[in-house]
Amino acid sequence: MATNPGLFTEWPWKRLGSFKYMVIAPWVVHGWYQVATKGWREVDAGYLAILPSMLLRIVHNQAWITASRLQNARGRCQIVDRGIEFDQVDRERNWDDQIILSAILLYLGALYLPGGQHVPAWRTDGAVLIALLHAGPVEFLYYWFHRALHHHFLYTRYHSHHHSSIVTEPITSVIHPFAELVAYEVLFSIPMIACALTGTASIFPIVAYVLYIDLMNNMGHCNFEFVPIWLFKWFPPLKYLMYTPSFHSLHHTQFRTNYSLFMPFYDYIYNTMDKSSDALHEKSLEGKEEAVDVVHLTHLTSLHSVYHMRPGFAGFASKPYASKWYMRMMWPVSWLSMVLTWAYGSAFTVERNAMKKTRMQSWAIPRYTFHYGLDWEKEAINGLIEKAICEADKKGAKVVSLGLLNQAHTLNGNGELYLLKYPKLGVRLVDGTSLAAAVVVNSIPQGTGQVVLAGNISKVARVVVAALCRKNVQVIMTNKQDYHLLKPALPEGVADNLLFSKTGMSKVWLIGDGLDAAEQFKAQKGTKFITYSQFPPRMARKDSCTYSTTPAMVVPKILKNVHSCENWLPRRVMSAWRIVGILHALEGWNEHECGDKVLDMEKVWSAAAMHGFCPVTEA
């Protein structure tokens, strides 16, 4: 929102939420009605082309979002080296509003504007007219309108909303109050209206012009430089006809320079070009991929989780993962992305964070959860993880946290396989067991003397059981086989605190994978279910029982560039398995935590608190 919102700031269909696309439904239905009554040969092709062009624009913009976020996650050729936060993602959530507005105006033009009906597919004279009118009147009028928007009166009421984003993303380009964007639409419509009135309008030049506007807008706000210098040396006049991402980035950091739309011509004429434009262009292109201290390895979970990744759908990724009905409609794209991901032979960077001087990256192993249960995939998955660890070691990383890859215990023994294969490995491998167990133990209410443990026995479960038994808290197990497996592993002095019973009466249950609904219904009403597994259990109880998140903590404010949710966790909440890697680097610990090795729980818990991480209940 602008500093002091002016008239017509809010979009008229804002309250419709996800149903805002219904505002164009009358025109879409009208188009199909014409097809049904008149046939394809008699219907206005230009009128029907509006909806496909609208969908093409959505796909085009999303492609820019994904490319920009992937590139900026690597940190290479980045222009402004700062992170963005959830408030910016929320502010830019309505980036498709301008596409809806454009579609409405095109529909109105195709119906009522003289010369806008039954236009041919292509007219060269119309294409030339669009190009000339854009380079002339549109660029000139935009330049002076943009300068006017930077006057205090208009800036505080309208344009400040756009400039709230210092670090831009492609979609930042269309984030404006309603009245301001209407003015832009009127300005950009000059070439199209002129073509209609002169009888030179045609479908493809108009669609191409709209896509050109999207292309240049997205490019100017992508926050990474890729336009080569040799292009301007090869054709020097091009610097007056095309801006670069770094050129427009300076407008967002300096505010009073580089006002041009896409062609810097008028900035040169009126002496408003930033003097550092060329230097920033060269510097950004020379930018090397930044050093990394902590690499967090993760992987895709469900088929639709690809959309929840940071480079996926920005609005979807900024909320805890939940299956949506409309995602099921995208199953062809989901399956295609799965095949492409599976075919990709290396981990790829999906997120970049910073805390103090420690640099962190999250790398996704190109496999989904179900792949880990396939015997024929085990060797390939181990190879991908091994390759990622070696790459992190080569880049000078201090720590690799194995994250969700801990589920691959049967594949690599919680990472021990890699230590045996690479005994001189410089990077430390941590599976996060110590902090995950500490979070579970500290989630148990004070004064609790007895808990029930139910679910598959993992490394975290074993550590939790041992810690509770040492505190003289009785742990009741409902699985006899698991009970006989754990009992001998406990020291003699505390083993008596581990009990077996088919009917645990405690109101605190520690639950993990493999716990079915029938088992959950054995608990009393009001039971507190505390999860120790990496994946959340199915919440079968809808009564007064409560369920905790998977082991996680709220991250401190000094952890930057956090604007997506980690799987199902709330905002600014990070899994314990991921946090341990950060603590390991911050504290300078020089030991592995994998295989049977577990770091001291109290030491890790104290370090987490010291660095500002706090329990989720204290958020």
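Okay, let's start with the lining of the largest pocket: sorted by class, it has 27 nonpolar, 8 polar and 11 charged residues. Here Ala, Val, Leu, Ile, Met, Phe, Trp, Tyr, Cys and Pro count as nonpolar, Asp, Glu, Lys and Arg as charged, and the others, Gly among them, as polar.

This is a predicted model, where local features need pLDDT of at least 70 and side-chain atom pairs pLDDT 80 or more, while totals for chains, interfaces and linings use all residues. Residues are numbered from 1 along each chain as its sequence is written, and side-chain values use heavy atoms, leaving out hydrogens and water.

Back to that pocket. How much volume does the largest pocket have? About 1,800 Å³. Its lining is made of 46 residues, and Ser18, Lys20, Tyr21, Arg93 and Asp96 are the closest to the centre. Two or more lining residues come from each of helix H3 (50–74), helix H4 (86–91), helix H16 (314–317) and helix H17 (325–328). H3 gives the largest share, 6 residues.

A pocket is an open set of points on a 1 Å grid over the protein atoms alone, with protein on both sides within 12 Å along at least five of seven lines; a cavity is a set where a 1.4 Å probe fits but cannot get out, and lining residues have an atom within 4 Å of a point. Points join across faces, edges and corners, and volume is the space filled by probe spheres set on them. Helices (H or I, at least four residues) and strands (E, at least two) are DSSP runs, numbered from the N terminus.

Now the cavities. There are 3 of them at 30 Å³ or more. The largest cavity comes out at about 440 Å³. Among its 31 lining residues, Thr298, Cys565, Glu566, Asn567 and Arg578 are the closest to its centre. Look for strand E1 (294–299), strand E2 (348–355), strand E3 (358–365), strand E14 (573–575) and helix H26 (576–587) around it: each supplies at least two lining residues. By class, that lining has 13 nonpolar, 13 polar and 5 charged residues.

The second largest cavity holds about 100 Å³ of space. It has 13 lining residues, with Asn72, Gln78, Val167, Asn223 and Arg310 nearest its centre. In this lining you get 2 nonpolar, 6 polar and 5 charged residues.

On to the sheets. Strands of a sheet pair through backbone hydrogen bonds, parallel or antiparallel. Two strands count as paired if DSSP finds at least two bridges between them.

E1 and E3 pair in the parallel sense, over 6 bridges. Contact means heavy atoms within 4.5 Å; axes are lines fitted to C-alpha atoms, for helices over the stretch in contact, with angles from 0 to 180 degrees between N-to-C directions.

The other open sheet also gets a walk-through. Its 6 strands run in the order E8-E7-E6-E9-E10-E11, and the pairing is parallel. Strand E8 (498–500) and strand E11 (546–547) are the edge strands, pairing on one side only. Which residue in E9 is the bridge partner of Val452? It's Trp509. E6 (residues 450–454) and E9 (residues 508–511) are joined by 3 bridges. Helix H23 (residues 459–470) lies across E6, strand E7 (474–477), E8 and E9, at about 140 degrees to E7.

Last bit, the record. UniProt's unreviewed entry puts "transmembrane region" on residues 99–115, 186–212 and 329–350; positions use the numbering here, feature names are shortened, and annotations may be inferred rather than shown by experiment. In the model, residues 99–115 are 82% helix and 0% strand, with end C-alpha atoms 23 Å apart. Residues 186–212 are 78% helix and 0% strand, and their end C-alpha atoms lie 16 Å apart. The unreviewed entry also lists "domain: Fatty acid hydroxylase" at residues 136–272, a span that is 60% helix and 0% strand.
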